[in-house]
Amino acid sequence: MNEVQANVGAQGAVLLQLDHVGKVYGNKDAVTNALNDVSFTVAPREFVAIMGPSGSGKSTLLNCISTIDAVTSGKILLAGQDITRMRGAALARFRRDELGFIFQDSNLLDTLTGFENIALALTLKGRAPREIRPAVMAMAHTLGVEEVLEKFPQQMSGGQRQRVAAARAMISNPKLVLADEPTGALDSRSSTVLLETLRGMNQQMGATIMMVTHDAYAASYSTRTIFIRDGRLFNEVRRGGSDQAEYYQRIMDVVSFLGGELSHAR
């Protein structure tokens, strides 16, 4: 199987652009090239899954895009802004205004209700209190979490917590939603509900989503799957006109080639 070309982005408009990105950890005596000359683009409204064996660099990639980690070389542009050059207050504003996050463990605040967790993103942006309640209620209705708005996270199921986290990620209308193994702690049924939610965010709400996952079933909800191995882009699969079952099988063909370190199905 041939390695994917340096630029695997969609044709047309570009929202996210990675240009020869490298990330090195350690020092001259013990160097780890977590990312090595990674270049690709993501178009608006794409739902991209990132897959690869443990240690392949996929989480490092997400961390660099989210500005949690700084790149060692290359640059990353979101909507034309070079985020690798941002510092201080500008970087904090960028994270707050342009990115939405969904983590494996939801990262909801235990002392806040579902409503308050979702509303917090708007409060931090300085939205007027009279605007917050209708916005939260509308998002909760869209993502099906109205019944847990008055509950605290410990009173919710894992799937409910993740859908509240998805609502929190979307409430401020970010340019890009980053999801790090969002189904990793969920059972099969809750995973499917969350993945349907993410697909709805993408198709009905126009969200651009990048999701790191070990799970080929989860990846089959995306519109494109990019594979990373040893810090480099290895291959990609686009859904195109395929139905989900066909797309899943094409993803599995690459997973099988990469070996047994990725999940085959749920």
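**Figure 1. Buried residues of helix α6 in a predicted model.** In α6, Ser190, Ser191, Leu194, Leu195, Thr197, Leu198, Arg199, Gly200, Met201 and Asn202 are buried (under 20% relative accessible area; exposed is over 50% and partly exposed lies in between, with a 1.4 Å probe and protein chains only). The model is predicted: local features need pLDDT of at least 70, side-chain atom pairs count only at pLDDT 80 or more, and totals for chains, interfaces and linings use all residues. Residues are numbered from 1 along each chain as its sequence is written, and side-chain values use heavy atoms, with hydrogens and water left out. Helix α6 covers residues 188-203, 16 residues in all, and spans 22 Å from its first C-alpha to its last, close to the 22 Å expected at 1.5 Å a residue. That expected span is 1.5 Å times one less than the number of residues in the helix. Helices (H or I, at least four residues) and strands (E, at least two) are DSSP runs, numbered from the N terminus.

**Figure 2. The sheet of 6 strands.** The strands form an open sheet in the order β6-β7-β8-β3-β9-β10, with mixed pairing; two strands pair if DSSP finds at least two bridges between them. β6 (99-102) and β10 (232-238) stand at the edges with a single partner strand each, so one side of each has no neighbour in the sheet. From one strand to the next, the twist averages 20°. β6 and strand β7 (residues 176-180) run parallel and are joined by 4 bridges. Within this pair, Gly100 stands opposite Val177 in β7.

Helix α1 (residues 58-65) packs on the sheet, where it touches β3 (47-51), β6, β7, β8 (209-212) and β9 (224-229). The direction of α1 makes about 150° with that of β7. Helix α6 also packs on the sheet, touching β3, β6, β7 and β8, and its direction makes about 155° with that of β8. Contact means heavy atoms within 4.5 Å. Axes are lines fitted to C-alpha atoms, for helices over the stretch in contact, and angles run from 0 to 180 degrees between N-to-C directions.

**Figure 3. Strand β3 and its two partners.** β3 is mostly covered, with 5 of its 5 residues buried. Phe47, Ala49 and Met51 lie on one side and Val48 and Ile50 on the other, and both faces are covered. In a regular strand the side chains alternate between the two faces of the sheet. β3 runs parallel to β8, and 4 bridges join them; Val48 stands opposite Met210 in β8. β3 also runs parallel to β9, again with 4 bridges, and the bridge partner of Met51 in β9 is Phe227.

Figure 4. Arg232 is found in strand β10 and is partly exposed, with a relative accessible area of 36%. Not counting residues up to four places away in sequence, Arg232 touches Asn36, Asp37 and Phe227. Arg232 and Leu91 are 141 residues apart in sequence and 27 Å apart in space, C-alpha to C-alpha.

**Figure 5. The sheet of 4 strands.** This open sheet has the order β2-β1-β4-β5, and its pairing is antiparallel. The edge strands, β2 (30-42) and β5 (81-82), each pair on one side only. β1 and β2 form a hairpin with 2 residues between them. These antiparallel strands are joined by 9 bridges, and the bridge partner of Val21 in β2 is Val38. Strand β1 (residues 16-27) also runs antiparallel to strand β4 (residues 73-78), with 5 bridges between them. In β4, Ile76 is the bridge partner of Leu18.

**Figure 6. Packing of helices α3 and α5.** Helix α3 (residues 114-124) and helix α5 (residues 158-170) pack at an angle of about 25°, with their axes 7 Å apart. The two helices are therefore roughly parallel to each other; angles under 35 degrees count as roughly parallel, over 145 as roughly antiparallel, 65 to 115 as roughly perpendicular and the rest as oblique. Gly114, Asn117, Ile118 and Ala121 of α3 make the contact with Val164, Ala167 and Arg168 of α5. Gly114, Phe115, Asn117, Ile118, Ala119, Ala121 and Leu122 are the buried residues of α3. What covers them includes α4 (129-143) and α5. α3 is followed by Gly126, whose phi is positive, near 80°.
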